Amino acid sequence: MYDTLHIDELCNTLGYRSQISSKDIADFYRSYSPDMPISTIRWKIYSLVDKGIIYPIGRGVYHWGRKTIFEPN
């Protein structure tokens, strides 16, 4: 699974950005497989979020890492 997500290459390619759009991720994965369906790209984005590589900050916009949960003192 880790190999199909190309996490290291994704970080090297898009790591300089503070925000990543779903289009950026789609373009990255389509560079490996130009005919990749959008459903597969959505599945890959879901897997990246599930593994804590990225987290959503808006509709179709992601940030690197895990989302921190606020806990009051």
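**Entry 1: burial and overall build**

I started with burial: of the 73 residues in the protein chain, 27% count as buried. For my notes, buried means under 20% relative accessible area, exposed means over 50%, and partly exposed is in between, with a 1.4 Å probe and protein chains only. I have to remember that this is a predicted model, where local features need pLDDT of at least 70, side-chain atom pairs count only at pLDDT 80 or more, and totals for chains, interfaces and linings use all residues. Residues are numbered from 1 along each chain as its sequence is written, and side-chain values use heavy atoms, with hydrogens and water left out.

Next I looked up the confidence. pLDDT is the predictor's confidence in each residue, from 0 to 100. The protein chain averages 90, and 97% of the residues score at least 70. Among the elements, helix H1 (residues 2-5) has the lowest mean pLDDT, 74, while strand S1 (residues 20-21) has the highest, 95.

Then I went through the elements. The protein chain has four helices and three strands, and from the N terminus on they run α-α-β-α-α-β-β. Helices (H or I, at least four residues) and strands (E, at least two) are DSSP runs, numbered from the N terminus. The C-alpha trace spans about 50 × 25 × 20 Å along its principal axes. I also checked contacts, meaning heavy atoms within 4.5 Å. Of the contacts with a separation of 6 or more, 42% come from residues 24 or more positions apart.

**Entry 2: helix H3**

Which residues of H3 are buried? In this helix (residues 22-32) I found Ile25, Ala26, Phe28 and Tyr29 buried. They sit on the same side of H3 because they cover an arc of only 160° around the axis; the arc is that of the directions from the helix axis to the C-beta atoms. On the face turned away from the buried side of H3, I noted the exposed residues Lys23 and Ser31.

**Entry 3: the rings**

How many aromatic pairs does the structure hold? I counted two. Rings of Phe, Tyr and Trp (its six-membered ring) pair if their centres lie within 6.5 Å; planes under 30 degrees apart count as stacked, over 60 as edge-to-face and the rest as tilted. Phe28 and Tyr29 make an edge-to-face pair, at 5.1 Å centre to centre with 70° between the planes. The ring centres of Phe28 and Tyr32 are 5.3 Å apart and the planes are at 70°, so this pair is edge-to-face too. Phe28 and Tyr32 are four residues apart in helix H3, which means about one helical turn separates them.

Tyr29 has something else to show: Lys44 lies over its face, 5.1 Å from the ring centre. A charge sits over a ring if NZ of Lys or CZ of Arg is within 6 Å of the ring centre and within 35 degrees of the ring normal.

**Entry 4: the sheet**

In what order do the strands sit? Three strands form an open sheet in the order S1-S3-S2, with antiparallel pairing. S1 and S2 stand at the edges with a single partner strand each, so one side of each has no neighbour in the sheet. Two strands pair if DSSP finds at least two bridges between them. S2 (residues 54-58) and S3 (residues 61-64) pair over four bridges. S2 and S3 form a hairpin with two residues between them, and Gly60 in the turn has a positive phi of about 75°.

**Entry 5: loops**

His6 lies in the loop between H1 and helix H2 (7-14). Phi of His6 is near 55°, a positive value in a residue other than glycine. At 21% relative accessibility, His6 counts as partly exposed.

Pro37 is in the loop between H3 and helix H4 (38-50), and at 43% relative accessibility Pro37 counts as partly exposed.
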